[in-house]
Amino acid sequence: METAKAKLTVLFDPPFWAGLFERECGDRYEVCKVTFGAEPKDYDVYAFVLERYCTLDFSPALAAEKTEERTLSPKRVQRLAREQTKPSGIGTKAQQALQLQREQGKAERQVLSREAREAEEARRFRLRQEKRKAKRKGR
């Protein structure tokens with residue numbers, strides 16, 4: 001049986017508030033960062049999740065660490081919840097996934113800009129050739 005986990009962390013990433021969506025399904029770990037702008041209320045976040053979760057652009061899947069599920073005492077659960085609500089930065093795994101997503105976007109932009117530059121150079125070359133032919137023909 002495969003388990004799926006989803007986690008949303010809302011944090012202040014100056015100058016805006018951001019949401020970090022993390023999901024783990026089996027051995028895959030994916031992350032997506034969303035900028036909210038002003039501090040979102042609970043109902044704003046809830047409405048966002050209901051309306052736009054399926055359209056989020058998650059990072060490429062990374063290998064997730066296997067964790068064994070075990071029952072925890074109520075006090076430990078309370079302590080863990082308190083630790084998770086403390087302000088903290090983005091986890092290293094999430095940072096890695098976001099960095100991978102940025103690098104892939106950068107590579108795509110480089111390919112597109114190189115193609116556009118080559119097309120522009122080819123266009124200019126054709127224009128020069130046409131001008132040279134026109135000069136030779138005396139036009």
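**Salt bridges and a surface patch**

Colleague: How many salt bridges does the structure hold?
Modeller: This is a predicted model. A pair counts when a side-chain nitrogen of Lys or Arg lies within 4 Å of a carboxyl oxygen of Asp or Glu. The number of salt bridges in the structure is 4.

Colleague: Which residue forms a salt bridge with Lys-33?
Modeller: Look at the closest N and O atoms of the pair, which are 2.7 Å apart. The cut-off is 4 Å, so a pair within that distance counts. The partner of Lys-33 is Asp-13.

Colleague: How many residues apart are Lys-33 and Asp-13?
Modeller: Lys-33 lies in strand β3 (residues 28-37). Asp-13 lies in strand β1 (residues 4-13). The pair links distant parts of the chain, and the separation is 20 residues.

Colleague: Is Lys-33 buried, partly exposed or exposed?
Modeller: Buried means under 20% relative accessible area, and exposed means over 50%. Lys-33 has 34% relative accessibility, so Lys-33 is in between. Lys-33 is partly exposed.

Colleague: Glu-30 and Arg-23 meet in a salt bridge. Is Glu-30 buried or exposed?
Modeller: The N to O distance of this pair is 2.6 Å. Arg-23 is partly exposed at 30% relative accessibility. Glu-30 has 11%, and the limit for buried is under 20%, so Glu-30 is buried.

Colleague: What separates Arg-123 and Glu-120 along helix α3?
Modeller: Their side chains meet in a salt bridge, at 2.6 Å from N to O. Both residues lie in helix α3 (residues 92-136). They are 3 residues apart, so the separation is about one helical turn.

Colleague: Which residues are joined with Glu-120 into one network?
Modeller: Glu-120 is partly exposed at 29% relative accessibility. Arg-123 is partly exposed too, with a relative accessible area of 37%. Salt bridges that share partners make the network, which joins Glu-120 with Arg-123 and Arg-124.

Colleague: How much accessible area do Leu-72, Val-77 and Leu-80 have together?
Modeller: These residues form a nonpolar patch on the surface. Leu-80, one of them, lies in helix α2 (residues 74-85). Patch residues need over 30% relative accessible area, and Leu-80 is partly exposed at 34%. Together, the accessible area is about 210 Å².

How values were computed
Residues are numbered from 1 along each chain as its sequence is written. This is a predicted model: local features need pLDDT of at least 70, side-chain atom pairs count only at pLDDT 80 or more; totals for chains, interfaces and linings use all residues. Side-chain values use heavy atoms; hydrogens and water are left out. Helices (H or I, at least four residues) and strands (E, at least two) are DSSP runs, numbered from the N terminus. Buried means under 20% relative accessible area, exposed over 50%, partly exposed in between (1.4 Å probe, protein chains only). Patches are made of residues with over 30% relative accessible area and no salt bridge: like charges are joined within 9 Å, nonpolar side chains (Val, Leu, Ile, Met, Phe, Trp, Tyr) within 5 Å. Accessible areas come from the Shrake-Rupley method with a 1.4 Å probe; for residues, only the protein chains shown count as cover.
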